[in-house]
Amino acid sequence: SLQEEPGPAPSQAEVCSTLRMGVYKYGAITPAEAERDIARLREAGYNAILTEGQRYLFVDTPEHPPLPDVLFGTLPFAENVRRTKVVVDACHKLGLKAYLHLTMAAAPDTFAAEHPDWMALSLKDGKPTPIWGLRWACLNNQDFLQAYYPRLETLIRESGTDGLMVD
């Protein structure tokens, strides 16, 4: 029942050997909403979530077109970090692990326009080519990596996540 206090958090090894993970989509969520949703997942037998919907770390403004694979708006980075912490805190309070799904190289149009020299190039024509409606940063570009890793470190440190799935 919702009144029961969860026991101690399981270890990573325990979670992996008994994993029952659900995907959890969120946007601008409150702590009460997150706790309500996570409690339902816990009651259904889940012990972990994989976040969805907030996987792009280079969105810096709410005034951007929706990204093609997200059903609702991707939050600007600072808000993404705050809302992800809300979800992670709810998971930990209720005894679940929280893993973040990130898409490392996806570049929203505004970011791609600001950094055209950071984009991956097609072997066919040597130009950045949209795939799934997104441009893609080159993972070998040191400037991109020097911009990405501090954001990733901030997200991990401030959200308290248990792990990542990065594609």
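Ten is where I start: the count comes to 10 salt bridges. The rule is a side-chain nitrogen of Lys or Arg within 4 Å of a carboxyl oxygen of Asp or Glu.

Ground rules next. This is a predicted model, where local features need pLDDT of at least 70, side-chain atom pairs count only at pLDDT 80 or more, and totals for chains, interfaces and linings use all residues. Residues are numbered from 1 along each chain as its sequence is written, and side-chain values use heavy atoms, with hydrogens and water left out.

Now some of those pairs. Take helix α3, residues 77-93. Helices here are DSSP runs of H or I, at least four residues, strands are runs of E, at least two, and numbering goes from the N terminus. Glu 79 bridges to Arg 82 at 2.6 Å, N to O. The two sit 3 residues apart, about one helical turn. Glu 79 also meets Arg 83, at 2.4 Å. That spacing is 4 residues, again about one helical turn.

Buried or exposed, what is Glu 79? Buried, at 18% relative accessible area. The cut-offs: buried is under 20%, exposed is over 50%, partly exposed is in between, with a 1.4 Å probe and protein chains only. Arg 83 is partly exposed, at 22%.

On to a network. Shared partners join Arg 36, Asp 37 and Arg 40 through salt bridges. Within it, Asp 37 and Arg 40 meet at 3.9 Å, N to O. They are 3 residues apart in helix α2, about one helical turn. Asp 37 counts as buried, at 19%. Arg 40 is exposed, at 54%.

Next, the sheet. It is open, with 4 strands in the order β1-β2-β3-β6 and parallel pairing. Two strands pair if DSSP finds at least two bridges between them. β1 (21-25) and β6 (163-166) are the edges; each has a single partner strand, so one side of each lacks a neighbour in the sheet. Twist averages 30° from one strand to the next. Angles run from 0 to 180 degrees between N-to-C directions, with axes fitted to C-alpha atoms, for helices over the stretch in contact.

Zoom in on one pair. β1 and β2 (residues 48-52) run parallel over 5 bridges. Met 21 has Ala 48 in β2 as its bridge partner.

Last, the helices on the sheet. α2, residues 31-43, lies across β1 and β2, at about 155° to β1. α5, residues 142-159, packs on the sheet and touches β3 (97-102) and β6. Contact means heavy atoms within 4.5 Å. The direction of α5 makes about 160° with that of β3.
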